[in-house]
Amino acid sequence: MINTVISNMKYVILIVSIVIILIGKIGAKLDYLSIKEIIINHIKCFKTNDNSRWLWLPILNYNLVPILLGISATLFKEINTEIINIITVIMSILTAMLFTTLTMVIDMKAKINSNNSYYRTEYEISKKAIIETYYTVMYEIVISIIILIACLLCIYIEKFYFVFSLIIYSLSFLLLFNLFMIIKRLFKVINTNINK
């Protein structure tokens, strides 16, 4: 009887938690857990310089290809405890690195704004690259957190489904592709500064 009560209690607590979150989100319009703005700003990085049109090839390359690679990886091998442990360690390290990168990007923006020796074109190139890097780093942090939550759910329910494998692999590839974007943009800013 006690086991039945405890077993039912975990569902009651889960349902109460979800209801409280929904009331806060819908009823009180609390926006603390919203990642919508981060995602929108990251997607806006895939527009032309004058914001007149979308760059479809980069959107497909940096968003669709990782999902296709995730599907392929899932078909090769579904996720298991060993893979989840590796991904969890890597995500923890990457998340810490991304927060450090975020601090560096904010510091670089302040230095560029205060440096009067920049030519106007150099300033605009560096400013745009830093802003896009900031949005991409924030997006990467969100992806890392979602991957960690998916890994936690896999471990918690002790079942490794095709869907979890697909989500974790796809988001991992998406994270890697976006890391290359961050590296390229930081290179552009630092290279502009060095060759000044």
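How many aromatic pairs does the structure hold?

Reply: This is a predicted model, and the structure holds three aromatic pairs. A pair of aromatic rings is described by the distance of the centres and the angle of the planes.

One of the pairs is formed by Phe46 and Tyr62; it is stacked, with 6.3 Å from centre to centre and 25° between the planes. The planes count as stacked because their angle is under 30 degrees. This pair links distant parts of the chain, the two residues being 16 residues apart. Phe46 lies in the loop between α2 (36–44) and α3 (56–76), whereas Tyr62 belongs to helix α3. As to accessibility, Phe46 counts as buried because its relative accessibility is 4%, which is under the limit of 20%. Tyr62, by contrast, has a relative accessible area of 26% and is therefore partly exposed.

Phe46 and Tyr62 also take part in a cluster, into which ring pairs link them together with Phe177.

Another pair consists of Tyr134 and Tyr135, and this one is tilted: the centres are 5.6 Å apart and the planes stand at 55°. Both residues are partly exposed, Tyr134 with a relative accessible area of 32% and Tyr135 with one of 25%.

The ring of Trp54 has the charged end of Lys47 sitting over it, 4.8 Å from the ring centre.

Conventions
Residues are numbered from 1 along each chain as its sequence is written. This is a predicted model: local features need pLDDT of at least 70, side-chain atom pairs count only at pLDDT 80 or more; totals for chains, interfaces and linings use all residues. Side-chain values use heavy atoms; hydrogens and water are left out. Rings of Phe, Tyr and Trp (its six-membered ring) pair if their centres lie within 6.5 Å; planes under 30 degrees apart count as stacked, over 60 as edge-to-face and the rest as tilted. Helices (H or I, at least four residues) and strands (E, at least two) are DSSP runs, numbered from the N terminus. Buried means under 20% relative accessible area, exposed over 50%, partly exposed in between (1.4 Å probe, protein chains only). A charge sits over a ring if NZ of Lys or CZ of Arg is within 6 Å of the ring centre and within 35 degrees of the ring normal.
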